[in-house]
Amino acid sequence: MIDKTKILETVYERLKKLPSGHYLDLRTYKRNRSVFIVKNDDKEFLVIENGYSNERFTVEGDKLSKLLKTLICKEFPRSNKIRLYVMGEFQEEEALGVQRKII
């Protein structure tokens with residue numbers, strides 16, 4: 001659990017060490033809302049918002065900070081602590097918990 005005021009510094013620190021194709025998972029204390037940050041390469045990131053609204057953003061590295069500030073205020077308005085998980089390779093079905101119907 002990381003303090004909300006220190007989350008951006010910590011995210012950037014972890015993203016530097018993260019290999020391409022892997023992702024970070026930011027969650028509330030109750031784990032009912034999340035923001036995924038997938039590192040496509042060193043300069044491009046896929047950000048998936050899964051909470052009050054479900055959206056996908058592809059941003060350059062220099063615009064990531066502004067987007068994260070906006071999403072953190074939107075998705076974690078009353079949270080003081082945020083859970084940060086360093087995950088493995090990104091597979092959308094596993095990460096988002098998508099259940100596909102098998103016929």
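The side chain of S53 makes a polar contact of 3.1 Å with the side chain of K74. A polar contact here is a pair of N or O atoms within 3.5 Å; within protein, one atom must be able to donate a hydrogen and the other to accept it, and residues adjacent in sequence count only if both atoms are side-chain atoms. The structure is a predicted model, in which local features need pLDDT of at least 70 and side-chain atom pairs count only at pLDDT 80 or more, while totals for chains, interfaces and linings use all residues. Residues are numbered from 1 along each chain as its sequence is written, and side-chain values use heavy atoms, with hydrogens and water left out.

The side chain of S53 is also joined to that of E49 by a polar contact of 3.1 Å. S53 itself sits in the loop between β4 (44–50) and β5 (54–60). Helices (H or I, at least four residues) and strands (E, at least two) are DSSP runs, numbered from the N terminus. With a relative accessibility of 18%, S53 counts as buried; buried means under 20% relative accessible area, exposed over 50%, and partly exposed in between, using a 1.4 Å probe and protein chains only. When neighbours within four places in sequence are left aside, S53 is in contact with K74 and E75, where contact means heavy atoms within 4.5 Å.

The next feature is a pair of helices. Helix α1 (residues 7–17) and helix α2 (residues 64–75) have axes that come within 11 Å and cross at roughly 130 degrees. These axes are lines fitted to C-alpha atoms, for helices over the stretch in contact, and angles run from 0 to 180 degrees between N-to-C directions. The two helices α1 and α2 are therefore oblique to each other, since angles under 35 degrees count as roughly parallel, over 145 as roughly antiparallel, 65 to 115 as roughly perpendicular and the rest as oblique. The crossing of α1 and α2 is right-handed, a term used if the near helix is turned clockwise from the far one by less than a right angle, with anticlockwise giving left-handed. On the α1 side, I7, L8, V11, Y12 and L15 make the contact, and on the α2 side, L64, S65, L68, K69 and I72. These residues divide into eight nonpolar, one polar and one charged. In this grouping, Ala, Val, Leu, Ile, Met, Phe, Trp, Tyr, Cys and Pro count as nonpolar, Asp, Glu, Lys and Arg as charged, and the others, Gly among them, as polar.

I7 of helix α1 is buried, at 1% relative accessibility. Apart from neighbours within four places in sequence, I7 is in contact with I2, L26, I72 and I82. I7 and R83 are 76 residues apart in sequence, yet 9.4 Å apart in space, C-alpha to C-alpha. K6, in the loop between β1 (2–3) and α1, is partly exposed at 45% relative accessibility.

D25 belongs to strand β2 (residues 22–27) and is buried, with a relative accessible area of 4%. The side chains of D25 and R27 are joined by a polar contact of 2.9 Å. Not counting residues up to four places away in sequence, D25 touches S34, V35, F36, R83, L84, Y85 and M87.

R31, in the loop between β2 and β3 (34–39), is partly exposed at 46% relative accessibility. Phi of R31 is near 60 degrees, a positive value in a residue other than glycine. Most residues other than glycine have a negative phi.
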